[in-house]
Amino acid sequence: MDSKPSQFSDRSAHVSDSSESEPPTGVSRAFSEKIAPGPTQLWTTRPNRPRLLGLLPAAVVIVTTLGFVAGILGVLLVKQCEETQGGRGIGPAITDGVFYVFEDHNQGDSYKTRLVVVTLSNVANQVVSTTSSIVMALVAYRVGAEWIRLSRDQSGTNAAETPSPAQYGLLVRLLGSSSIGSILEAFVYTARSRNRARLPRMLRYSMWMATAVWVLARLVGLADTWLHVASYTRPSNITRDDSSPGPTPRWGVELNTSICDDMKAKYPTQLADDTVDLGCLLPYEYFVVWEDWGHAMGFDAMTNSTNATFHVNTVEGDIAFVLPGPKVLDMRSKNFLIPTFATQASCTSLNQVCGVPNGAPNCTSAGYPSDFPYYQNSTLVNRVLGVVGGELVGREIGTLEAINFPNTPIQLAIQLQWNDLEQGVGSGINPLPSTSEEDLAVDGNPPTLLAGCNLEFFDAWVQWNSTEQDWQLVNTTTSSQNTSRTLFQPIVWQYGTEQLAASLMYTARRDFKEEVMRTLGQNLATLTLATAAGFYRPHEAFHVSTTMTITVSVYPTPPVMTLLVLLCAYAALVWWILLSSYRTPDEAIIFPESDHGLQDEEMEPSTLTLAQRWLTHPLPLVGHSFSRQDGQDGVRSAAFWPVNAAYDGNEGHTRLTIGLAGDRFGITPWGQR
């Protein structure tokens, strides 16, 4: 400052043996006289053992902050939904960009989530905001130690590093509250002081530490808000092994060889032949006429009845296979691998080869028996016939005439005919535009379809994925000849012929023959397995698992990692401040015997602790400025609690007034205005 008020005098006038070159200070004569040591004031100090000042509050802040880091990571990793995440750990979360967490609370048949990580984040934000004042109180220890060191060696160089009254006020604001207001005031003061001597190091240190603590606390709050905004929940399908106790599920398909034993027991007078597979049914070849179970099971399978034990579906476009029906299994949530039977049929149109439009068709040139097409009472009837050894099989329903013939793949001859429709008179079922007669699959009037098909049977493994609601063909091997010949019998017994004709009634009249043949093959393969449902029995399933729809919490990785890094940085800052105060020179104040009775239990207070208190609380200065003059003021200045450092009077002369007093505005004791 360029000039000094007349009421301020140099400290050298009141300190013995001081050099005249000692720099002037801003302390009034009255104030210096007031604080000058009296002849009976014999307080002394002794070195105090090194200790971690503020250990307990600092430890609480560090442990609590790192505890939130551990808690958030614990929830994210322990409850991580591995099925949805595609793995476990931080790596998959970084790859996906989110953490999938299963924080389920089962409420009957539904799940709800509580977003525990968001809750922990919010509490961590509140803790960091609350403990910032504790951190600045730790900073005050280091600042206080520096001030005490400078005060002992009152050289000209050190005097420039001690705070002025205004700077002391800024220090109390920074270290006591570290609010945005106190930080802005310090920066404004710094900007206005550029033309003066440089600021004391302790003020600059306090200002930057307060700024760092405040910015870290605000960044934690912003990261918490970011996490709140970005987090959400969504349903997810997860698959878990079905480890429930009980018998192994029997959802697969195999041949029911016990039919033979049942027939032997029921019809003991019939001759029995123990040939392979169902060849033992030869002596009971008309069992289909005697027993209706085959009809019932086949009809249920063909119509996809909800009471059916077996259904037939297709995979990879044209491969039909047997699967358990809804009576056996609800497939909405189960995943499994089963053995089963599959068929595939490829068909070729014979109309042009057999010459249907030119009169009675003759298919011998195509390698079919001379009695194909098959007529009944001079009328062509709908039939699915087997071609075995140059002869037609299936003209007589219920016979097992082809069961011993080795013919794989099995050759079939198809003949279908439709009467004119009474409704619509052909309207809507005309051939597609640009379709010539050569491109059609039917000829003549009434429309007639002749086709030759090759039907092949497979022992297959299929897998059901309930998440995708789809079947996958895992493996196929050609079925044995006995299995193939057994399973193709019901289709040539005409169990599914009318269903086949009904399915092709419109397609055959309108579409190109290639499309008609493809549709014929698909329907023929499906009906072949469906009509043979009576020959199946359940087989055990493998790799059974259950797909559950759960609610997962989705926490984006960027805000989570940002929050964790900031919390670790905050804890590291507190740890550094704590260590920096370790082994800081400290002294204990020793009171004379005459003052012991005036102390409570506050013997030998620490000079560093008192300095920290003066830097963080205004009451010590108040007690020093407005004393009671009762002889206890000196002892009161070393009180354990800041609130005990100031005399709290209740009389009129102990009250304060504020306002103009002569040439200054300020606070004065009552009666001195």
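Student: What is the handedness of the disulfide formed by Cys-347 and Cys-453?
Tutor: The model is a predicted one. In it, the torsion about the S-S bond of Cys-347 and Cys-453 is about 110°, so this disulfide is right-handed.

Student: How far apart are the sulfur atoms of Cys-347 and Cys-453?
Tutor: The two sulfur atoms are 2.1 Å apart.

Student: Which parts of the chain does that pair tie together?
Tutor: Cys-347 belongs to strand S11 (residues 334–349), while Cys-453 belongs to strand S17 (residues 448–465). The pair therefore links parts that are 106 residues apart in sequence.

Student: Are Cys-347 and Cys-453 buried or exposed?
Tutor: Cys-347 is buried, and Cys-453 is buried as well.

Student: How many disulfides does the structure hold?
Tutor: It holds two. Besides the pair already discussed, Cys-354 is joined to Cys-363, with an S to S distance of 1.9 Å. The torsion about that S-S bond is 120°, and the link is right-handed.

Student: Why do Cys-354 and Cys-363 count as buried?
Tutor: The cut-off for buried is under 20% relative accessible area. Cys-354 has a relative accessible area of 4%, so it is buried. Cys-363 is at 0%, so it counts as buried too.

Student: What about Cys-81 and Cys-568?
Tutor: Cys-81 counts as buried, at 2% relative accessibility. Cys-568, in contrast, is partly exposed, with a relative accessible area of 34%.

Student: Changing topic: how many residues are in the largest nonpolar core?
Tutor: That core has 59 residues. Those with the most contacts inside it are Leu-76, Val-139, Tyr-555, Leu-567, Tyr-570 and Val-574.

Student: Which elements give two or more residues to this core?
Tutor: Among them are helix H2 (55–78), strand S4 (98–101), helix H9 (201–230) and helix H18 (557–580). Helix H5 (116–152) is also one of these elements, and H5 provides the largest share of the core, 13 residues.

Student: What does Leu-76 touch?
Tutor: Leaving out residues up to four places away in sequence, Leu-76 touches Phe-99, Val-101, Val-117, Tyr-555 and Val-560.

Student: Which residues does the second core include?
Tutor: The second core is separate and has 56 residues, including Ala-301, Phe-310, Leu-500 and Ala-508. As general background, nonpolar side chains in soluble globular proteins tend to be buried together.

Student: Which residues form a nonpolar patch on the surface?
Tutor: Val-215, Leu-219 and Leu-222 form such a patch, and together they have about 250 Å² of accessible area. Val-215 is located in helix H9 and, at 35% relative accessibility, counts as partly exposed.

Student: On to salt bridges: how many does a search of the whole structure find?
Tutor: The search finds seven. One of them is formed by Glu-146 and Arg-149, whose closest N and O atoms are 2.8 Å apart. Both residues lie in helix H5, three residues apart, which is about one turn of the helix. Arg-149 is partly exposed, with a relative accessible area of 42%.

Student: Which salt bridges involve Glu-254?
Tutor: The side chain of Arg-250 meets that of Glu-254 in a salt bridge, at 3.9 Å from N to O. Arg-537 also forms a salt bridge with Glu-254, and here the closest N and O atoms are 3.0 Å apart.

Student: Where do Arg-537 and Glu-254 lie?
Tutor: Arg-537 lies in strand S19 (residues 536–539) and Glu-254 in strand S8 (residues 252–255), so the pair ties together parts that are 283 residues apart in sequence. Arg-537 is partly exposed, with a relative accessible area of 29%.

Student: Now the backbone: which peptide bond is cis?
Tutor: The bond from Phe-372 to Pro-373 is cis, with omega near 5°. Pro-373 is placed in the loop between helix H13 (351–354) and strand S12 (375–376).

Student: What is phi of Glu-316, and of His-543?
Tutor: For Glu-316, phi is near 55°, a positive value in a residue other than glycine. Glu-316 sits in the loop between strand S9 (310–315) and strand S10 (319–324), and at 58% relative accessibility it counts as exposed. For His-543, phi is near 50°, again a positive value in a residue other than glycine. His-543 is in strand S20 (residues 542–556) and counts as exposed at 63% relative accessibility.

Key
Residues numbered from 1 in each chain as written. Predicted model: local features only at pLDDT ≥ 70, side-chain atom pairs only at ≥ 80, totals over all residues. Heavy atoms only, no water. Core = buried A, V, L, I, M, F, W, Y, C linked by side-chain atoms within 4.5 Å. Buried < 20%, exposed > 50% of the residue type's maximum accessible area, 1.4 Å probe, protein only. Helix = DSSP H or I, 4+ residues; strand = E, 2+ residues; numbered from the N terminus. Contact = heavy atoms within 4.5 Å. Patch = residues over 30% accessible without salt bridge, like charges linked within 9 Å, V, L, I, M, F, W, Y side chains within 5 Å. Areas by Shrake-Rupley, 256 points an atom, 1.4 Å probe, with all protein chains shown as cover. Salt bridge = Lys/Arg side-chain N within 4 Å of Asp/Glu carboxyl O. Disulfide = S-S within 2.5 Å.
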